[in-house]
Amino acid sequence: MQIGFARSAVVLGLLAAVGPFAIDLYLPAMPEIVQSLNTDDAAAHMTFTVYFIAFGVAQLFYGPLADRFGRKPPVFLGLVIFIIGSILCAMASDVSMLTLGRFVQALGAAAPMVIVRAVVRDLHTGTEATKLMALVMLVISISPMLAPLTGSMIIQFGSWRLIFYALALISLAAMVQMAFLLPETLPDNRRARIDPVAMIRSTVYLLRDGKFMGLTLIGGFSLASFFVFIASAPLVYMTQYGLTPTTFSLVFAVNAIGFFASSQFAASLGQRFGMGRVALVAVFGFAAATSLLFVLVWAGFDDLWVLMALLFIGNSCLGQVIAPTMVMALEDHGEHAGMASSLGGTFQMVAGGIMILICSPFFDRTALPLVGAVAACALTALVIALLTLRSEPAGKEAGT
């Protein structure tokens with residue numbers, strides 16, 4: 001059974017959006033959660049850190065399961081775990097229970113993300129894979145653009161706890177569409193038995209592959225900048241700039257539009273100029289925009305419109321980084337796409353969680369620590385990109 005290109009993008013995008021939706025939906029409720037659970041900002045940030053790290057580490061297990069049992073069974077397992085975690089969050093009596101629920105949520109949310117990347121690799125390679133990944137990311141864009149707005153609407157009708165019940169229902173819907181709309185893409189003759197020794201060898205091989213690690217870390221620190229922004233933006237925007245949950249959601253959506261709109265040109269630009277060169281130029285632009293923003297805010301120009309404009313430019317550049325680096329990292333590892341996908345995803349998510357943990361003590365509900373952390377991530381990604389991508393060939397061959 002085969003499915004069309006557009007249908008693949010919609011199905012895979014909706015699956016991949018489950019995890020990000022769990023991040024973005026409760027952003028407008030963060031100040032209310034801090035007050036309701038009688039906690040502080042550092043503890044609230046920890047719910048993000050735990051989520052990202054657990055999300056990353058869990059991918060190590062779903063990759064081998066996907067290579068052994070096919071792509072669909074691990075997704076069903078993950079979505080069931082996600083539902084359990086969502087209910088724990090909704091019933092949380094203190095921040096410790098909320099953090100535990102977020103941990104369980106992340107263990108489940110990792111499955112769709114791993115399997116989506118592996119399915120893309122099953123179906124296509126090169127620029128075709130980049131096109132499909134970009135379309136998947138377009139569907140995922142529903143999350144940062146609509147999830148905060150949806151969350152702000154939900155808390156208008158009740159407690160922040162309703163948000164997590166809504167996430168359980170979203171996961172259930174994802175299970176239904178997975179069952180009926182997505183065929184199995186890994187045939188029996190390509191399935192590999194779970195061999196711990198082979199897994200260790202494969203992991204060591206990937207860790208020693210400089211190109212794979214470089215591309216993974218470029219994507220990791222680039223995504224880390226976005227994760228740091230997500231963790232601190234609600235408290236900064238609604239405290240320093242006095243935005244309501246609804247206006248914050250609109251501003252957040254504007255910042256996300258640049259990223260996902262730009263990502264739709266990644267395949268065509270990569271085919272013309274080479275995916276490596278496009279990603280390198282984009283990382284440079286991202287670092288330049290965020291560094292300029294840090295200097296301006298440090299100098300006292302911390303106007304909301306300046307913040308929005310430069311973050312929009314930076315995120316537009318970021319849209320040319322994520323999809324190409326994901327595709328190039330998996331390009332030479334088709335026989336073990338599940339393991340390569342899970343290992344790459346682990347490094348990327350753990351990088352985000354660690355950056356939040358490192359930066360959290362400096363967050364004070366003002367813009368300076370936020371933009372400083374984002375710029376630090378961008379500059380780190382630029383250094384790695386210069387070491388990894390300078391020798392990438394130009395033109396169509398780079399993506400095929």
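User: Which residue's side-chain oxygen reaches a backbone nitrogen at the start of helix 6?
Analyst: This is a predicted model, in which local features need pLDDT of at least 70, side-chain atom pairs count only at pLDDT 80 or more, and totals for chains, interfaces and linings use all residues. Residues are numbered from 1 along each chain as its sequence is written, and side-chain values use heavy atoms, with hydrogens and water left out. Helices are DSSP runs of H or I with at least four residues, strands are runs of E with at least two, and both are numbered from the N terminus. At the start of helix 6, the backbone nitrogen of Ser-96 has a side-chain oxygen within 3.1 Å, and that oxygen belongs to Asp-94.

User: What distance separates the end C-alpha atoms of helix 6?
Analyst: The expected span of a helix is 1.5 Å times one less than its number of residues. Helix 6 covers residues 95–123, which is 29 residues, so it should span 42 Å. The model agrees, with the end C-alpha atoms apart by 42 Å.

User: How many of the 29 residues of helix 6 are buried?
Analyst: Buried means under 20% relative accessible area, exposed means over 50%, and partly exposed lies in between (1.4 Å probe, protein chains only). Helix 6 is largely enclosed by the rest of the structure, because its count of buried residues is 23.

User: Is Lys-72 buried or exposed?
Analyst: Lys-72 is found in helix 5, residues 72–90. Contact means heavy atoms within 4.5 Å; leaving out residues up to four places away in sequence, Lys-72 touches Met-178, Ala-179, Leu-182, Pro-183 and Glu-184. Its relative accessible area is 16%, so Lys-72 counts as buried.

User: Which residue forms a salt bridge with Asp-41?
Analyst: A salt bridge is a side-chain nitrogen of Lys or Arg within 4 Å of a carboxyl oxygen of Asp or Glu. A search of the whole structure finds 1 salt bridge. The closest N and O atoms of the pair are 2.6 Å apart, and the partner of Asp-41 is Arg-365.

User: How many residues apart are Asp-41 and Arg-365?
Analyst: Asp-41 lies in helix 4 (residues 41–69), while Arg-365 lies in the loop between helix 17 (337–359) and helix 18 (367–389). Asp-41 is buried at 17% relative accessible area, whereas Arg-365 is partly exposed at 26%. The pair links distant parts of the chain, and the separation in residues is 324.

User: Which residues touch the most other members of the largest nonpolar core?
Analyst: A nonpolar core is a set of buried Ala, Val, Leu, Ile, Met, Phe, Trp, Tyr and Cys residues joined through side-chain atoms within 4.5 Å. The largest one has 132 residues, and those touching the most other members are Phe-48, Tyr-51 and Tyr-237. The largest share of this core, 17 residues, comes from helix 11 (residues 210–239).
The names asked for are Phe-48, Tyr-51 and Tyr-237.

User: How far apart in space are Ile-356 and Thr-49?
Analyst: Ile-356 is in helix 17 and is buried at 0% relative accessibility. Its contacts beyond four places in sequence include Phe-48 and Thr-49. Ile-356 and Thr-49 are 307 residues apart in sequence, yet their C-alpha to C-alpha distance is 6.1 Å.

How values were computed: A polar contact is a pair of N or O atoms within 3.5 Å; within protein, one must be able to donate a hydrogen and the other to accept it, and residues adjacent in sequence count only if both atoms are side-chain atoms.
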